[in-house]
Amino acid sequence: MKTQKALEFFHLGNNCAQAVLMAHAEELGLTEEQAKKMTACFGGGMCVGNICGAISSGMLVLGMKNFDSSAEMAAEKMRIRKLGMNFMKTLTETYGTTSCRDIFSQGGRTACNKVITSVCELLNEQTKNNTAAE
């Protein structure tokens with residue numbers, strides 16, 4: 001459901017980063033408008049073709065959903081870092097890069113649609129895995 005919602009936001013003209021965070025806004029305690037503003041400069045690889053905005057927003061969602069501020073800080077930083085590293089590794093293995101410029105060169109907005117889909121599916125899978133572990 002969040003994947004479809006993110007793709008709809010993207011097709012309405014939001015950048016890829018906005019689309020991903022807006023699709024997850026409610027569960028994170030944000031409004032869609034707040035999510036849109038927070039990620040306005042993340043699209044287009046932080047506006048300069050660097051790390052993909054959809055991936056950047058995915059990392060935001062991952063941290064917001066999983067960081068336990070009541071845990072011992074050093075241990076929690078290591079735990080959340082591993083989650084982030086696994087997330088990035090999976091996307092790098094899938095696309096060969098996390099660079100917006102390089103991903104876009106693989107198919108333009110069609111490639112963007114694929115990354116948005118992958119990011120949302122990974123976040124959904126991660127949520128299922130965390131729920132099952134509890």
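What classes of residue make up the lining of the largest cavity: nonpolar, polar or charged? I looked this up and noted that the lining divides into 9 nonpolar, no polar and no charged residues, where Ala, Val, Leu, Ile, Met, Phe, Trp, Tyr, Cys and Pro count as nonpolar, Asp, Glu, Lys and Arg as charged, and the others, Gly among them, as polar.

I kept in mind that this is a predicted model, in which local features need pLDDT of at least 70 and side-chain atom pairs count only at pLDDT 80 or more, while totals for chains, interfaces and linings use all residues. Residues are numbered from 1 along each chain as its sequence is written, and side-chain values use heavy atoms, with hydrogens and water left out.

**Cavity.** My search of the whole structure gave 1 cavity of 30 Å³ or more, and the largest cavity has a volume of about 50 Å³. On a 1 Å grid over the protein atoms alone, a cavity is a set of points where a 1.4 Å probe fits but cannot get out, a pocket is an open set with protein on both sides within 12 Å along at least five of seven lines, and lining residues have an atom within 4 Å of a point. Grid points are joined across faces, edges and corners, and a volume is the space filled by probe spheres set on the points. I listed the lining of the largest cavity as Cys16, Cys52, Ala54, Cys100, Ile103, Phe104, Cys112, Val115 and Ile116. Helix H7 (100-104) and helix H8 (108-133) are the elements that give two or more residues to this lining; helices (H or I, at least four residues) are DSSP runs, numbered from the N terminus.

**Pocket.** I then turned to the largest pocket, which holds about 260 Å³ of space and is lined by 14 residues, with Met1, Lys2, His24, Glu27 and Asn124 nearest its centre. H8 gives the most to that lining, with 5 residues, and by class the lining has 4 nonpolar, 4 polar and 6 charged residues.

**Helix packing.** For helix H1 (residues 2-11) and helix H2 (residues 16-28) I noted an angle of about 135 degrees and axes 8 Å apart, the axes being lines fitted to C-alpha atoms over the stretch in contact (heavy atoms within 4.5 Å), with angles running from 0 to 180 degrees between N-to-C directions. That makes H1 oblique to H2, since angles under 35 degrees count as roughly parallel, over 145 as roughly antiparallel, 65 to 115 as roughly perpendicular and the rest as oblique. The axes of H2 and helix H5 (residues 53-66) come within 7 Å and cross at roughly 20 degrees, and H2 and H5 are therefore roughly parallel to each other.
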